[in-house]
Structures are given as C-alpha cells and as structure tokens.
Amino acid sequence: MLTASDFKRGLVIKLDNAPCLILDVHFQSPSARGASTMVKTRHRNLLTGQVLDKTFRSGDKVEEAEFERHKGQFLYTDGDHGVFMDLETYEQFEMGAESFQVIQPYLLDGTEVVLGLFQERLVSVDPPQVVELTITDTPPVIKNATATAQTKEATLETGLTLQVPPYLEVGEKIKVDTRDCRFISRA
C-alpha cells in the first residue's frame, strides 16, 4: 500500500480495480491549522484511456497496481490493430485499434517499445521518445530559406504529417519527438 504523499509522475496505482498511470501530481498545503495536505492528481485509466482528476488527502492509502513494464518490439499492423512481441518471453500481444491509432504514426516494423502489462494483458505501449523517419512527400526546397524563416508540411513514411524547415527534401531522414509530434533535427 502507498500513501498519497508517495505519489509521483509515472507511478501506476489501482483505482476502482483498474490500473491508472499518474500523469501529473500537485501537493497543496492548506492554510488552516490542523488540516492535512491535499494531493491533486491527473491520471489515465489504462484500461479505458480516460483521463481523470482526483484529490486525495496525504494520509490516504492506495494500492499499487500489479503493473509490469517489459522491453518489446512492434511486429506489424493487422488491420486496425498492432501486434507487439515481448523481447523477454517472445509472447505476442495485440493492441486494440483505438489505442494503436495514437502511436501508429511513430512505428516502423521492428521499432523497440516499452510494453505495459496488467494481469498479463497489454494495456499500454510507450514508443521511443525520438524516432527517425524518412520524408516521402514535401514541397520543393525554397531558395534562400533559413531554418527560422518559415516551415512547410512534410509527409513521412508512416503517413505522419508535420511541419519541417523549408530546406528539407524528399528522402531525408529526420528525428521526430513522439511526445508532441515535433521535428527535432536531421538524422
């Protein structure tokens, strides 16, 4: 059992018999004497994907979820679903269409990921924070363009579209931040 004062970002707790990943946590000290510290959390239910806010008192006890993280690999797309393999046990897992659509634009066959398992069931997949993808379509290079002047839209090999500097051409590899879908640099 954990107390609410032990909460930190990235911790997985059990609320209403479901694993919930803490996305954000704030500790608020009351101004009244004798009142206990409030712990405000924003968490994602890993079974439903729903993001909720909840407030705890610092002494409240919460059960830590039986959540395991394993190194995994993206194998292939099966219709709208994604198929992943645990690199330790070689067991394969299928991720539902709704959750998979969010991370699919960052995955090429063979991409290493982190699998989140709850009761031996796949509930989350974390792609790498930075992926290297190739530009497949973009307008031609703009003459005398500088990196800060402007941006143009580019389509990458996974179908992802994002804004890139105007000096990039088709066929170049770039680094993309998967947290906010942002161009970082050439690869």
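This briefing covers the aromatic pairs, the domain layout and one annotated region of the structure above. The model is a predicted one, and its domain assignment gives domain 1 (2-62), domain 2 (68-126) and domain 3 (130-186). Within the structure there are four aromatic pairs.

**Aromatic pairs**

- A pair of aromatic rings is described by the distance of the centres and the angle of the planes.
- For Phe7 and Phe56, the ring centres lie 5.2 Å apart and the planes stand at 90°, so this pair is edge-to-face, given that planes over 60 degrees apart count as such.
- Elsewhere, Phe74, Phe84 and Phe100 form one aromatic cluster.

**Domains and annotated region**

- Between domain 1 and domain 3, the C-alpha centres are 39 Å apart.
- In an unreviewed entry, UniProt lists residues 69-123 for "domain: Translation elongation factor P/YeiP central".
- Across residues 69-123 the chain is 55% strand and 13% helix, and the C-alpha atoms at the ends of this region are 10 Å apart.

Note on methods
Residues are numbered from 1 along each chain as its sequence is written. This is a predicted model: local features need pLDDT of at least 70, side-chain atom pairs count only at pLDDT 80 or more; totals for chains, interfaces and linings use all residues. Side-chain values use heavy atoms; hydrogens and water are left out. Rings of Phe, Tyr and Trp (its six-membered ring) pair if their centres lie within 6.5 Å; planes under 30 degrees apart count as stacked, over 60 as edge-to-face and the rest as tilted. Domain bounds come from an automatic or database domain assignment. UniProt positions are given in the numbering used here, feature names are shortened, and annotations may be inferred rather than shown by experiment. Helices (H or I, at least four residues) and strands (E, at least two) are DSSP runs, numbered from the N terminus.
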